[in-house]
Amino acid sequence: SATRSALDTKTSKPLINIFNQLSGNETEKKTTLDQALRCVLEGEIIKQKASCDDFLALIYLSIDGVTEGICSATTPFLLLGDVLDCLPLDQCDKIFTFVEENVSTWKSNSFYSAGKNYLLRMCNDLLRRLSKSQNTVFCGRIQLFLARLFPLSEKSGLNLQSQFNLDNITVFNKNEQESTLGQKHTEEKDETMEVEEGEMGDEDAPTPCSIPIDYNLYRKFWTLQDYFRNPVQCYDKFSWMTFLKFSDETLAVFKSYKLDDMQASKKKLDELRASGGEHVYFAKFLTSEKLMDLQLSDSNFRRHILLQYLILFQYLKGQVKFKSSSCVLNDDQSLWMEDTTKLVYQLLKETPPDGDKFASMVEHILNTEENWNAWKNEGCPSFVKERPGEMKPIRPTRKRQAPEDFLGKGPDRKLFMGNDELTRLWNLNQDNMEACKSDSREFMPTLEEFFEEAIEQADPANMVEDEYKAVKNSNYGWRALRLLARRSPHFFQPTNQQFKSLPDYLENMVIKLAKELPPPSEEIKTGEEDDDNDDALLKESNESPDIQHKLVTNQQMDDIASKLGAQWKTLAGQLEMKAVEMREIETDSEDVEMQAKLLLVAWQDREGGQATVENLVSALNASGFSKIAENLMET
């Protein structure tokens, strides 16, 4: 009763009220309401008094019910299926108009996933009831609706394997004995005889064809339709010869008999304009022998045949993924198709009306078709690209700073090298170039230090055997040559004396150096004192208070950020933050507490191991936040 009341008032309020009063869970209440809607529809259909508007009103109620969440999403489609199954075709046309107008509703998230299969089944049931020749327009509307409903990459609507409709067979007279072509008819046509479908009256008939039409031309012409139906036959050698012969004769007829604009009946064109421009379309060819001369004189018929040639040639020359490896054209076939294509376009341009415009449009459409073929060869990938998932950073990130942004920016103008040890070693001296020139950085030994042992061994009084002398050591000899080249003038002095080996040469040089160098008894500086000084300097740096200080923790930064709030810019000046960095912080977040946290994170990233509590306390005191500094020291 609530459903009938809603139908009478054409509002879903009674349904919502009764839904709230029903007992049970939500699924059970929806099922009850779905069944009530179908029962009311059944009653309306049995009465046979309801109009299409009454059925549509009930379907509108179910759509509102789905939107309100009181009906199942499949209910409108079930009602549509019941209506279309029970109504005659003329009323189905009106119901389907409603389906077409609401295609945006069916594609919405609430209905598409639940109803797409129901709509597809409903359309297929309608197509089985319709005649392709009598209900051509209705069948086309159904196909266009499905094309609008489903995405372009829907697999069920694609001919992935490029199969042909082999059931589309053109029937014509194949018995020459029964043919009436070539016979002279002396009997006049009875005035009361009904004109067959597809024929024209005497007053509308164009000028008779001047080409003699016999049975051979009739048979060859309609035999070509079998090649257009199944183009794979053209790859067979014998079938190709037949197709080639029949095509040459047919195109020769088109070429020899050109149409004239004056042959189109002005009276017929005026009638079409007066009736709103409705064109007559036949889904199947009329193959009667009596119509052959009229068909050859019809520009639309001629264009249809010529367009079939172009579509066939595009398939034969194109790259189709599912073609067999044996489906390959030879050079002669390719050359013939190229010449014939030019002839077909020429005939299209010569066919009135607007031949040039029609030919250019056909060429454009066929070129666009190549994109469709390429897409199918790739497996029909979806045109919808998924947006990559957005990864949320765990913590605020900063751009990597340039060297000039952090070199010498910390406390005491120190340079931070990434970890504490490198920072300590780098900052042992403020001027690195001067440190490199220091005497303590001189590692090359003097001639006295290096050759002291060799000079002692060269003294005969020490009685050192040759095999135990340092000059016999190849490693010692190599280093001795390098030192002589840097410090001794004797290395580059020319001499006529020849040495058989390196030890002999070094013994000679040691003798010369012994005469020039001071005696070994003098104290020779070994550099141990400088090493002790370096160790003391390293020890002093290790005991530096800055290194012993604790680093600032994340918890401490959170506490400071919550206390600073909107005053974080005051601290930013003491932390030597640039104006550009401060603007980036304000852009990254609108929350002042988060801005303060980003400031401290940027300072910590820049300072590295020098981001200590002591340094931050100094900056806080300088900024006037002494209480925050005291709390930080206590933690």
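## Helix H20 and its packing

The buried residues of helix H20 pack against two further helices, H21 (474–487) and H22 (502–516). This description refers to a predicted model.

Helix H20 covers residues 447–458. Its twelve residues, at 1.5 Å a residue, should span 16 Å, and the end C-alpha atoms are 15 Å apart, which agrees. The buried positions in H20 are Leu447, Phe450, Phe451, Ala454, Ile455 and Gln457. Viewed down the axis of H20, the buried residues fall within an arc of 160°, so they line one face of the helix.

## Aromatic pairs

The count of aromatic pairs comes to 28. In one of them, Trp240 with Phe243, the ring centres are 5.6 Å apart and the planes meet at 45°; because an angle over 60 degrees would be edge-to-face and one under 30 degrees stacked, this pair is tilted. Both residues belong to helix H11 (residues 237–256), where Trp240 and Phe243 are three residues apart, about one turn of the helix. Trp240 has a relative accessibility of 5% and counts as buried. Phe243, at 0% relative accessibility, is likewise counted as buried.

Phe450 and Phe451 are both buried.

Trp240 and Phe243 also belong to a cluster linked by ring pairs. The cluster contains Tyr227, Phe228, Trp240, Phe243, Tyr309, Phe313 and Trp336.

## Charges over rings

Two arginines are placed over aromatic rings. The charged end of Arg121 sits over the ring of Tyr118, at 5.5 Å from the ring centre. Arg303 lies over the face of Phe358, and here the distance to the ring centre is 4.4 Å.

Thr287 has a relative accessible area of 15%; since the limit for buried is under 20%, Thr287 counts as buried.

When neighbours within four places in sequence are left aside, Thr287 is in contact with Thr170, Val171, Phe172, Tyr218 and Trp222.

Note on methods: Residues are numbered from 1 along each chain as its sequence is written. This is a predicted model: local features need pLDDT of at least 70, side-chain atom pairs count only at pLDDT 80 or more; totals for chains, interfaces and linings use all residues. Side-chain values use heavy atoms; hydrogens and water are left out. Rings of Phe, Tyr and Trp (its six-membered ring) pair if their centres lie within 6.5 Å; planes under 30 degrees apart count as stacked, over 60 as edge-to-face and the rest as tilted. Helices (H or I, at least four residues) and strands (E, at least two) are DSSP runs, numbered from the N terminus. Buried means under 20% relative accessible area, exposed over 50%, partly exposed in between (1.4 Å probe, protein chains only). A charge sits over a ring if NZ of Lys or CZ of Arg is within 6 Å of the ring centre and within 35 degrees of the ring normal. The expected span of a helix is 1.5 Å times one less than its number of residues. The arc is that of the directions from the helix axis to the C-beta atoms. Contact means heavy atoms within 4.5 Å.
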